[in-house]
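Please look over the sequence and the structure shown below, and then read the briefing, which is grouped by topic.

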Amino acid sequence: MGIRKSNKLAQTAVLKQILKRCSSLGKKHGYDEDGLPLDVPKGHFPVYVGENRTRYIVPISFLTHPQFQCLLRQAEEEFGFDHDMGLTIPCEEVVFRSLTSMLR
């Protein structure tokens with residue numbers, strides 16, 4: 001039981017780091033005074049997917065799904081979370097769209 005709780009705490013810390021990073025991508029044109037993108041509805045965040053880094057807006061609720069968490073771990077391993085490119089998901093767009101359509 002202690003291992004599960006510790007693992008859950010680690011996941012929570014990673015998710016908080018992701019959300020903080022997504023919300024602090026910069027205060028440039030298209031962002032409000034808090035650094036949040038103007039075109040992203042409340043309760044959502046942008047991710048960049050595939051070779052062309054196509055931008056998708058996904059609900060924050062996806063963060064609780066194990067399949068999406070797997071993508072986040074892959075993103076962390078491949079790109080880390082400390083870069084200016086936004087949250088980049090390392091998978092093909094067709095796979096990402098298929099996964100997210102099942103999560104809705």
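This is a predicted model: local features need pLDDT of at least 70, side-chain atom pairs count only at pLDDT 80 or more; totals for chains, interfaces and linings use all residues.

Which residues does Leu-99 touch, not counting residues up to four places away in sequence? Leu-99 touches Gln-67, Phe-68 and Leu-71 when such sequence neighbours are left out.

**Leu-99 and its helix**

- Leu-99 lies in helix α3, a helix that covers residues 93-103.
- Because buried means under 20% relative accessible area, Leu-99 counts as buried, with a relative accessibility of 12%.
- Although Leu-99 and Phe-68 are 31 residues apart in sequence, their C-alpha atoms are 8.0 Å apart in space.

**The sheet**

- An open sheet is formed by 3 strands, which follow the order β2-β1-β3 and have mixed pairing.
- The strands β2 (54-59) and β3 (88-89) stand at the edges and have a single partner strand each, so one side of each is left without a neighbour in the sheet.
- Helix α3 packs on this sheet and touches β1, β2 and β3, while its direction makes about 15 degrees with that of β2.

**How the strands pair**

- The pairing of β1 with β2 is antiparallel and extends over 6 bridges, and within this pair Phe-45 stands opposite Val-58 in β2.
- β1 and β2 also form a hairpin, in which 4 residues lie between the two strands and Gly-50 in the turn has a positive phi of about 80 degrees.
- Strand β1, which spans residues 44-49, runs parallel to β3 and is joined to β3 by 2 bridges, with Val-49 standing opposite Ile-89 in β3.

**The second largest pocket**

- The second largest pocket has a volume of about 160 Å³, and of the 10 residues that line this pocket, the closest to its centre are Ala-10, Gln-11, Val-14, Gln-69 and Arg-73.
- Two helices, α1 (2-23) and α2 (66-79), each supply at least two residues of the lining of the second largest pocket, and α1 gives the most, with 5 residues.

Conventions. Residues are numbered from 1 along each chain as its sequence is written. Side-chain values use heavy atoms; hydrogens and water are left out. On a 1 Å grid over the protein atoms alone, a cavity is a set of points where a 1.4 Å probe fits but cannot get out, and a pocket is an open set with protein on both sides within 12 Å along at least five of seven lines; lining residues have an atom within 4 Å of a point. Grid points are joined across faces, edges and corners, and a volume is the space filled by probe spheres set on the points. Two strands pair if DSSP finds at least two bridges between them. Contact means heavy atoms within 4.5 Å. Axes are lines fitted to C-alpha atoms, for helices over the stretch in contact, and angles run from 0 to 180 degrees between N-to-C directions. Buried means under 20% relative accessible area, exposed over 50%, partly exposed in between (1.4 Å probe, protein chains only).
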